[in-house]
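I open this notebook to record what I looked up in the structure below. The entries follow the order of my searches.

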Amino acid sequence: MKRVVLVTGATSGFGEEIAKYFAKNGDLVIAAGRRKERLEALKKGSFGENIFPLKLDVTKKDEVFKAIESLPKEYKNIDILVNNAGLALGLEKSPEASLEDWEVMVDTNIKGVLYVTKAVLNVMKERKRGYIFNIGSIAGNWPYEGGNVYGATKAFVRQFSLNLRTDLKGTNIRVTNIEPGFAKTEFSLVRFKGEREKADDIYKGMVYLQANDIAQIILNCASLPEHVNINTLEVMPTSQSWAGFFIERD
Ligand code: NDP
Ligand code: 8X3
């Protein structure tokens with residue numbers, strides 16, 4: 001059966017691959033993001049007939065609700081929501097970090113997820129059918145220097161996902177928080193505000209996750225029988241693990 005899938009942040013990285021995977025699978029995909037030309041390219045690409053481009057800034061509350069209310073009839077009954085749009089800005093420690101960057105991360109990674117979720121929840125509840133994927137991060141589970149607010153927004157996403165599951169008892173709506181580790185997308189380029197060399201350095205000499213790894217995982221989860229709910233799924237490249245605690249000594 002064709003499902004209607006809303007993917008936020010479909011203009012690059014995970015979101016773009018997730019949109020392509022579902023479209024290729026024969027599902028109908030609402031591909032949302034701010035960069036219109038990228039959405040148009042998706043529409044013109046393979047399986048574009050299954051893609052509805054939606055210019056959307058998830059931080060704009062009214063725009064989110066209006067856009068979802070105004071979807072064409074065949075895209076109205078959203079079966080799967082992938083709350084993927086998000087970003088990290090800066091890697092400075094808290095005293096040096098920019099308060100404006102912190103605000104953008106909160107507005108996008110937290111409020112954006114809340115607006116889009118709220119805008120689709122009632123339709124899912126009425127239909128007793130739905131699957132919400134939130135894209136968290138290992139940064140929501142494990143601290144690292146400079147991860148301050150980015151990690152905290154992803155910890156919010158993790159707990160919100162678990163709490164949603166609890167609230168949605170009896171509705172048949174599934175919720176999964178996907179928590180990826182290092183993956184090469186435009187993530188670091190955005191974090192370092194366009195400094196290509198700094199962004200590329202992050203991935204030097206390692207085998208990182210690819211956007212299509214995450215797309216594959218999400219498509220697989222969405223293909224499981226309806227009685228199966230994966231609550232959280234933390235996924236790292238095999239080359240990534242933990243470094244232990246830091247001890248300050250005399
Ligand atoms: P990219 O930078 O490649 O993609 C981010 C996407 O988010 C873009 O499509 C961008 O679209 C969209 N976006 C950002 N701000 C907004 C906004 N205000 N409104 C709508 N869309 C927005 O990075 P990734 O693919 O890596 O990131 C996707 C998600 O995965 C994020 O939530 C990120 O935190 C998370 N993540 C990434 C990891 C990684 O290592 N890459 C690891 C763990 C989690 P546009 O600018 O066109 O609006
Ligand atoms: C992205 C992974 O470790 O760079 O969420 O924060 S990390």
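I took a salt bridge to be a side-chain nitrogen of Lys or Arg within 4 Å of a carboxyl oxygen of Asp or Glu. With that rule, I found 15 salt bridges in the whole structure.

I noted that this is a predicted model, in which local features need pLDDT of at least 70 and side-chain atom pairs count only at pLDDT 80 or more, while totals for chains, interfaces and linings use all residues. Residues are numbered from 1 along each chain as its sequence is written, chains are lettered from A and ligands numbered from 1 in the order in which they are written, and side-chain values use heavy atoms, without hydrogens and water.

**Ligand 1.** I counted 30 residues around ligand 1 (a heavy atom within 4 Å), with Thr11, Ser12, Arg34, Tyr150 and Thr185 the closest. I then looked up polar contacts (N or O atoms within 3.5 Å). A polar side-chain atom of Arg34 lies 2.7 Å from a ligand oxygen, and the side chain of Thr185 places an N or O atom 2.6 Å from one. From Glu186, a polar backbone atom is 3.1 Å from an oxygen of ligand 1.

**Glu186 again.** I found the side chain of Glu186 in a salt bridge with Arg38, at 2.9 Å from N to O. The two residues are 148 apart, Arg38 being in helix H2 and Glu186 in the loop between strand E7 and H7. I recorded Glu186 as partly exposed at 24% relative accessibility (buried is under 20%, exposed over 50%, partly exposed in between, with a 1.4 Å probe and protein chains only). Arg38 is also partly exposed, at 30%.

Terms used:
Polar contact = N/O pair within 3.5 Å; in protein donor to acceptor, adjacent residues only side chain to side chain. Helix = DSSP H or I, 4+ residues; strand = E, 2+ residues; numbered from the N terminus.
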